[in-house]
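Here is a short briefing on charged side chains and how they pair. Look over the sequence and the model first.

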Amino acid sequence: MQSYLDIENGVVPSVCSLDCPDQCGLLIHKKDGKIVKIEGDPDHPVTQGSICNKVRHMTERIYDPKRIQTPLKRVGKKGDGLFVPISWSEAITTITDHWKKLIAEEGPESILPYSFYANMGKLSSKGMDRRFFNRLGSSQLDRTICSVAGEVGYNYTMGGRFGTDPEEMTETKLFVFWGINAVSTNMHQIMIAQKARKKGAKIVVIDVHKNQTGRLADWFIPILPGTDGALALGIMHILYKENLVNRSFLEQYTVGYEELEEHVVQYNPEMVSAITGVPVEDLYELACMYGTISPSMIRIGNGLQHHDNGGMIVRTITCLPALTGQWAVKGGGALKSNSDYLTHNLAALERPELQEKPTRRFNMNLLGQALQEDLEPIRSLYIYNSNPAVVAPDANKVRVGLAREDLFTVVHDLFLTDTALYADIVLPATSAFENTDFYTSFWHHYIHLQEPVIEPLDESKSNPDVFRLLAEAMGFDEQAFKDQDEEMIEQALSELSNPHLADVSYDKLKTNRFLKASHTDNLLNRLKTPSGKIELYSKQMELDGHPALPTYIPILQDSDYPFLYVPAINHNFMNTIFSNNDKHRKLEKAPKLFINRQDAELRGIEDGAAVRIWNERGECEMTVSIGEQVLPGVVVSQGFWPSKPGEKNLVNALTPDRIADMGGGATFFSGRVDVEVLS
Ligand SMILES: Nc1nc2c(c(=O)[nH]1)N[C@H]1C(S)=C(S)[C@@H](COP(=O)(O)OP(=O)(O)OC[C@H]3O[C@@H](n4cnc5c(=O)[nH]c(N)nc54)[C@H](O)[C@@H]3O)O[C@H]1N2
Ligand SMILES: Nc1nc2c(c(=O)[nH]1)N[C@H]1C(S)=C(S)[C@@H](COP(=O)(O)OP(=O)(O)OC[C@H]3O[C@@H](n4cnc5c(=O)[nH]c(N)nc54)[C@H](O)[C@@H]3O)O[C@H]1N2
Ligand code: SF4
Ligand SMILES: [Mo]
């Protein structure tokens, strides 16, 4: 088959690499060997030719003159951004000489990798990198910043990351978008809901902010942050009381439904209303709607689990479709993540046996604290696929750590991010269109192959290629470090224990570009909970120190600042990606703080005023937008803007680095702040 690299003029298929549930099929237009246009692939069964505005303007990012062209060495102070170009061989020798010395003097655990899934490619995010750090014997990172609390919570109820298939949701009659800003973050889910709406479906949005998604709803229900568990329990109370539960489903497929019935008596509507801010009449109407409309589907977002109690919130909401028997209805149920339909052979890709002995682990949400560890300090960080100086909680603490003169930091990225400014060595990364890789969606059920569309620009290298070079320079002579990308994909797709991928192979992917996970059997017959049933009562939770039944546990009141602060993501950036592109920045205009009219009036804050937002961790400046988009006592912002030292755009300067109730998750939205007009 002809390589796409040889096609100078024409259109080739591809897939979106970004950390987005939709994982769109793409068509890349090439002219004179360069990418000139990116559009959706109309043949993709789920995304069907439409893509977001962000990626439609991706070409600007690929050929941005600001892209790092060569490896760089720091010559100024950390944070100042003064670098000089060096060769790859000098960069690799500098890094590995430093590491060899560190290993001899302080041991390999003085080195810590730090990464996330900015490029969702399996080889780029959990392939050669894992092999390398396993073999190096470095400290290990728990990658907890995104969705782990909710996933652990979901799994207690359902036993795995299996949910409703989006392709079945054309049948759905009630969509509950719960803590998800899907217009911005899962646009094809909205498109499916809109299609169903034409056939009479209703869209309910439960959120702390009436953003794009709330504005599109048939019914928007504003709620106080971190109280969704109470709302779900209030719905259960009414469902049982009004006999809207499906008893035959409960008997056949669940454990603990009788205990739950007794337990939810305490969550009476008055109490739930006082906790959540949802009026009693609305609570009744919502419960009755949920108890009577079928098929109903709850799309559980990420936002509502970035709280102290985020795991329990998702665990609780996940019980609702069982009460109404929705798991047995086509197009009914819930969807948090569908990742487990597409789990490949992780061990073959990551090679855990290359690690001689278990090493210490760090929770990525505690990077600031980890860099203060002084008994056995971290002496070197290798950062890729991530921009922790902006995205990590309590980011000022992270930056104090990154500024340590005795910390040797390597950053591999496409751009000189705020994190890269603190690096000793910066390495230029390829864009995904320059790589071979494979991708699996965590929303729809497809696996995709990515073959390079263009050659690596300038001297940039992919993540796996850099780890191959580092391994060679470290003297690691195992075959694992010589495996090429195609071989690694074959390994990842061989000896699969996941029956849903039984029909998937590298060869088939090469011919088809994307393949759907098969699922001929019923989810209800293969639940991986300890009991094999949906666990409304979970013994495992009790063993893990949680209440066995879904329970409302309030978020921590960590201070007396008057506002709960929800610094969410925005429409035109992808986390920090695109925050340095003119087009995307222009569309976002400027960072804004949404505040309730009542709060603004009380404080003499006018619409459009410049304000300072602050707490004991840091401060940030924004322009105010007044309205009823949020409840009193809540302020919300959207987007992470670059924030060089001295600038005041860093929302994560304000966020707590407390750990959520499950999985070591982040608590970005459980912090408190004060707001004052800038004089
Ligand atoms: N355009 C765009 N798309 C993206 C991203 C991006 O930055 N920009 N990021 C990607 C990533 S990494 C992820 S994880 C996903 C996340 O996408 P989503 O799942 O949509 O999650 P968030 O945007 O974090 O939060 C969703 C909503 O939760 C609300 N929220 C916050 N706290 C609460 C609460 O206590 N209760 C309720 N009911 N709602 C609450 C917020 O107001 C927000 O509207 O999006 C991905 N897609
Ligand atoms: N306040 C607040 N903070 C949050 C969140 C929130 O909602 N509110 N959301 C959290 C969530 S859900 C997430 S997932 C994280 C996201 O946090 P991150 O994943 O760290 O953020 P990104 O901005 O997506 O990506 C980081 C960098 O990876 C680089 N990159 C892209 N592709 C490649 C590649 O192939 N190789 C290399 N080496 N680098 C590459 C990009 O250029 C970018 O600079 O942020 C978290 N932080
Ligand atoms: S960011 Fe999401 S919606 Fe946009 S093209 Fe990529 S996968 Fe599709
Ligand atoms: Mo995320």
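Asp418 is buried, because its relative accessible area of 3% falls under the 20% cut-off. This is a predicted model. In it, Asp418 pairs with Lys644 in a salt bridge, with the closest N and O atoms 3.0 Å apart.

**A bridge between distant loops**
- The Asp418–Lys644 pair links distant parts of the chain, 226 residues apart.
- Asp418 sits in the loop between strand E16 (408–413) and strand E17 (425–428).
- Lys644 sits in the loop between strand E26 (634–638) and strand E27 (671–677).
- Lys644 counts as partly exposed, at 33% relative accessibility.

**A bridge from helix to loop**
- Arg597 and Glu628 meet through their side chains in a salt bridge of 2.9 Å, N to O.
- This pair also links distant parts of the chain, 31 residues apart.
- Arg597 belongs to helix H26 (residues 597–603), while Glu628 lies in the loop between strand E25 (619–627) and E26.
- Arg597 is partly exposed, with a relative accessible area of 38%.
- Glu628 is partly exposed, with a relative accessible area of 48%.

**A bridge within one helix**
- Glu105 and Lys101 form a salt bridge of 3.7 Å, N to O.
- Both residues lie in helix H3 (residues 88–106), 4 residues apart, or about one turn of the helix.
- Glu105 and Lys101 are both exposed.

**The wider picture**
- The whole structure holds 42 salt bridges.
- A network of salt bridges links Asp308, Asp558, Glu616, Arg617 and Arg658.
- Side chains of opposite charge can pair when their charged atoms come close.

Definitions and conventions
Residues numbered from 1 in each chain as written. Chains lettered and ligands numbered in written order. Predicted model: local features only at pLDDT ≥ 70, side-chain atom pairs only at ≥ 80, totals over all residues. Heavy atoms only, no water. Salt bridge = Lys/Arg side-chain N within 4 Å of Asp/Glu carboxyl O. Helix = DSSP H or I, 4+ residues; strand = E, 2+ residues; numbered from the N terminus. Buried < 20%, exposed > 50% of the residue type's maximum accessible area, 1.4 Å probe, protein only.
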